[in-house]
Amino acid sequence: MRIGIGTDAHRFVDGRKLILCGVDVPHERGLLGHSDADVAVHALIDALLGAAALGDIGKLFPDSDAQYKSADSVALLRHVVALLATKGWRVNNADVTIICEKPKLAPHIAQMRANLAVALDVDLDAVSVKATTVEGMGAIGRREGIAANAAATIIKN
Ligand code: MG
């Protein structure tokens, strides 16, 4: 078994959807990014790539590549799971923490977990999604953006 960790952060901007773990979360602003800017999925992708020592999301899906413009990050996650499978790895579990002052994410956590479980090809009880605020401190506290941390374990088939 291997463990990996991932971290990401994206800035809020006007005129974008807020996509977190594949859920379109109602909010007045969204996250800036080349893809759909799904910060939680990006952290999880880096955790999986880290566990398999296969580099990072920026290496696999470069910002400079037009094919990833507005990309569905959950589709990129499925691509990473398939890549790991070619190396003999399957996902064991994943744990994601979204660091976000606003909006409240509790109503969306169940759908987020379901989306990730399908993409990772694991049972729902192997996927955790949590949300926390930072009590108004720092850039996240000032609602300038959202950050996410993730950990994942993978098992050799
Ligand atoms: Mg990112």
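Okay, some housekeeping. Because this is a predicted model, local features need pLDDT of at least 70 and side-chain atom pairs count only at pLDDT 80 or more, while totals for chains, interfaces and linings use all residues. Residues are numbered from 1 along each chain as its sequence is written, and side-chain values use heavy atoms, with hydrogens and water left out. When I say helix or strand, I mean a DSSP run, numbered from the N terminus: H or I with at least four residues for helices, E with at least two for strands.

Let's start with the sheet. Five strands make an open sheet, in the order β4-β1-β7-β5-β6, and the pairing is mixed. The edges are β4 and β6, each pairing on one side only. For me to call two strands paired, DSSP has to find at least two bridges between them. As a reminder, strands of a sheet pair through backbone hydrogen bonds, either parallel or antiparallel.

So which way do the pairs go? From the β4 side, β1 and β4 (residues 30–31) run antiparallel and are joined by two bridges; Val13 has Gly30 as its partner there. Next, β1 (residues 2–13) is joined to β7 (residues 145–156) by ten bridges, antiparallel again, and Arg2 partners Ile154. Then β5 (residues 89–99) pairs with β7 over ten bridges, also antiparallel. If you want to find that pairing on screen, look for Trp89 with Lys156, or Asn93 with Thr153.

Helix α4 itself lies across β5 and β6, at about 140 degrees to β6. Those angles run from 0 to 180 degrees between N-to-C directions, with axes being lines fitted to C-alpha atoms, for helices over the stretch in contact; contact means heavy atoms within 4.5 Å. My cut-offs are under 20% relative accessible area for buried, over 50% for exposed, and partly exposed in between, using a 1.4 Å probe and protein chains only.

Now helix α1. It covers residues 39–51, so to speak 13 residues, and reaches 18 Å from first C-alpha to last, close to the 18 Å expected at 1.5 Å a residue. That expected span is 1.5 Å times one less than the number of residues. Is α1 buried or exposed? Twelve of its 13 residues are buried, so α1 is largely enclosed by the rest of the structure. Among the buried ones are Val41, His42, Leu44 and Asp46. The helix packs on the sheet, touching β1, β4, β5 and β7, and its direction makes about 155 degrees with that of β1.

Keep His42 in mind for the metal. Which residues hold the magnesium ion? The protein donors are Asp8 (OD), His10 (NE2) and His42 (ND1), at 2.0 to 2.3 Å. Their spacing along the chain is D-x1-H-x31-H. The two histidines link distant parts of the chain: His10 sits in β1 and His42 in α1, 32 residues apart. Both are buried, His10 with a relative accessible area of 16% and His42 at 7%. Donors here are N, O and S atoms within 2.8 Å of the metal (3.2 Å for Na, K and Ca), and water is not among the atoms, so sites may look incomplete.

Most residues other than glycine have a negative phi, and most peptide bonds are trans. Here, Cys21 has a positive phi near 50 degrees; Cys21 is in the loop between β2 (18–20) and β3 (23–25), and is buried at 0%. Ser70 has a phi near 60 degrees and is partly exposed at 49%. Just after α1, Ala53 has a positive phi of about 55 degrees. Finally, Lys102 and Pro103 are joined by a cis peptide bond, with omega about 0 degrees, and Pro103 lies in the loop between β5 and α4.
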